[in-house]
Amino acid sequence: FFLDRIKPDLFLHFEMIPDRLPEELRSLIQQFPAGALQFEVGIQSFNPEVQSLISRRQDNFKTMENLRWLHENTQVHIHADLIIGLPGETVESFGKGFDILKSLGPQEIQVGILKRLRGTPIIRHDDAWHMVYSPQAPYEILSNKLIPYESMCRMKRFARYWDMLANSGRLARSLPCLLDQGSAFWRFLDLSDWLWKTTRQTHAIALTRLFELVFQYAKETLKDPAWLRAFAVALCDDYRQDGRTDVPTYL
């Protein structure tokens with residue numbers, strides 16, 4: 001239906017069940033040009049224990065295979081999500097899932113915060129997992145049995161900074177220089193902690209200031225001069241992608 005009506009300004013957004021991508025759909029998806037398709041893929045967690053607790057039947061191997069295929073063989077924009085605060089999920093297991101998802105190449109990873117919506121099945125875990133939610137809308141989780149309040153706040157800052165730096169596309173060239181060495185999750189969590197300690201802000205940070213902060217962090221962590229030079233070049237390219245022609249003095 002949509003291929004018959006394809007035109008330059010056609011943009012389609014679909015939700016996709018992660019472990020289902022039949023062959024007849026694959027051949028159709030490959031025919032769409034860049035910018036036409038976006039898939040929202042609700043992963044929530046790669047932890048089998050967590051999936052069992054929330055009654056989520058998901059073949060993780062098939063999910064990974066499908067996402068990898070989409071990344072390598074199509075021009076679909078993938079928007080995949082993981083949820084912080086699910087029963088049975090630790091910061092460490094969330095980090096493992098994040099690294100798995102990051103390696104599969106989605107254009108956006110939405111790090112969501114668990115919410116307690118009235119009437120949803122998640123409420124059955126409140127007692128066993130010590131789930132504590134904000135009484136104010138949107139009723140986000142504050143702590144649970146495995147993630148205390150301070151750690152939950154830390155993860156919420158991680159989510160905010162990830163949106164600001166990664167999902168925004170502002171650091172498309174330079175951020176991989178930081179994240180492609182070892183665990184992307186733990187490296188970005190370290191950057192998140194550093195940004196919070198340095199600024200005490202998760203909002204209202206001017207874009208030029210943000211670039212300078214990220215470079216300052218890189219200077220403190222990238223000890224190899226050649227690596228830092230490569231990062232600086234990539235950061236400068238990111239800085240100038242909106243048409244700027246100047247080069248910041250710190251670069």
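Modeller: Helices (H or I, at least four residues) and strands (E, at least two) are DSSP runs, numbered from the N terminus. Residues are numbered from 1 along each chain as its sequence is written, and side-chain values use heavy atoms, with hydrogens and water left out. This is a predicted model, in which local features need pLDDT of at least 70 and side-chain atom pairs count only at pLDDT 80 or more, while totals for chains, interfaces and linings use all residues.

Colleague: What is the value of phi at Gln44, and which strand holds Gln44?

Modeller: Gln44 belongs to strand 2, and its phi is near 70°, a positive value in a residue other than glycine.

Colleague: How should I read the largest pocket, and what is its volume?

Modeller: On a 1 Å grid over the protein atoms alone, where a 1.4 Å probe fits, a pocket is an open set of points with protein on both sides within 12 Å along at least five of seven lines, and lining residues have an atom within 4 Å of a point. Points are joined across faces, edges and corners, and a volume is the space filled by probe spheres set on them. Here the largest pocket holds about 400 Å³ of space. Its lining has 16 residues, with Gln44, Leu86, Leu114, Lys115 and Ile122 the closest to its centre; strand 3 (77-84) and strand 4 (108-113) each supply at least two residues of this lining.

Colleague: How many residues of each class are in that lining?

Modeller: The lining of the largest pocket has eight nonpolar residues, five polar and three charged, where Ala, Val, Leu, Ile, Met, Phe, Trp, Tyr, Cys and Pro count as nonpolar, Asp, Glu, Lys and Arg as charged, and the others, Gly among them, as polar.

Colleague: Which residues lie nearest the centre of the second largest pocket?

Modeller: Phe14, Leu25, Ile29, Leu37 and Phe39 do, out of 16 lining residues, and the volume of this second largest pocket is about 320 Å³. At least two lining residues come from each of strand 1 (12-16), helix 1 (23-29) and strand 2 (37-44), with strand 1 giving the most, four residues. The lining of the second largest pocket comprises 14 nonpolar and two charged residues, and no polar ones.

Colleague: How many salt bridges does the structure hold?

Modeller: Side chains of opposite charge can pair when their charged atoms come close. The structure holds seven salt bridges, each a side-chain nitrogen of Lys or Arg within 4 Å of a carboxyl oxygen of Asp or Glu. One of them joins Lys62 to Glu65, with the closest N and O atoms 2.9 Å apart; both residues lie in helix 3 (residues 60-73), three residues apart, about one turn of the helix.
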